[in-house]
Amino acid sequence: SQWLDSEVALLIQEGFRRRDGKELLHITWQRFCNALQRRVERITRTDARPISVDELNFIHGRLRYQKMVSRHDVELFWSNWFGPAFRLVRDPRKNMGVWTQGLISFMSKERAEDILANETKGTFLIRFSTSRPENFCVSVKCEGTLVEHLLIQHDQKRKVADLLAHSAPNLERIMRIRVTSEDGTAAYVPYPKLYMLRNVTSGRSR
């Protein structure tokens with residue numbers, strides 16, 4: 001789409017263009033992280049919800065833990081996964097609130113299972129799907145140690161918060177990510193679902 005094309009062009013410009021105007025062929029992983037953080041801040045118009053170190057480590061895995069990143073690497077990363085995933089939360093009239101409020105994260109299903117391991121039944125988290133980036137994924141703690149992963153198809157006419165607030169009574173507590181601004185570390189804290197979703201459902205302020 002036009003949005004995906006324009007955003008990856010801006011990301012490459014921020015990451016690969018030097019101050020003297022010359023273009024770099026490769027950049028370090030850290031330089032790419034800084035460019036990606038700035039791009040996310042500009043898309044969401046806030047620095048209150050940075051990408052955490054935990055999420056960046058997961059993203060690094062998607063880039064095969066390369067120490068140096070090429071323009072082609074970035075183009076594939078953006079077009080095949082990150083761009084379609086983040087497009088789900090780019091619109092402030094729809095799902096941006098779940099990102100800015102820390103209610104959705106980038107992580108693997110294994111990491112989701114670790115986070116939910118000691119939580120009570122009905123506790124869940126929202127994450128970007130790793131296999132189908134244009135959809136949400138909800139990981140839910142069930143009986144014992146079981147964690148189920150449910151794919152939530154993106155509905156352009158309905159917010160994901162509305163769906164979870166009104167159509168899933170078995171989901172009781174939602175995990176919220178809090179990212180420390182100083183070092184980017186993340187903590188996941190459970191809250192009553194309706195309490196946390198009250199500001200991101202339809203008809204409410206963000």
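Visitor: How do helix 2 and helix 3 cross?

Guide: In this predicted model, the axes of helix 2 (residues 29–44) and helix 3 (residues 53–62) come within 12 Å and cross at roughly 115°. Axes are lines fitted to C-alpha atoms over the stretch in contact, with angles from 0 to 180 degrees between N-to-C directions. Helices are DSSP runs of H or I of at least four residues, and strands are E runs of at least two, numbered from the N terminus.

Visitor: What makes the contact of helix 2 with helix 3?

Guide: Trp29, Cys33, Leu36 and Gln37 of helix 2 meet Leu56, Ile59 and His60 of helix 3, where contact means heavy atoms within 4.5 Å.

Visitor: Which residues does Val147 touch?

Guide: Leaving aside residues up to four places away in sequence, Val147 touches Glu113, Leu116, Ser139, Val140 and Lys141. The C-alpha atoms of Val147 and Leu63, 84 residues apart along the chain, are separated by 27 Å.

Visitor: How do you know which features to rely on, and how are residues numbered?

Guide: Residues are numbered from 1 along each chain as its sequence is written, and side-chain values use heavy atoms, without hydrogens and water. Local features need pLDDT of at least 70 and side-chain atom pairs count only at pLDDT 80 or more, whereas totals for chains, interfaces and linings use all residues.
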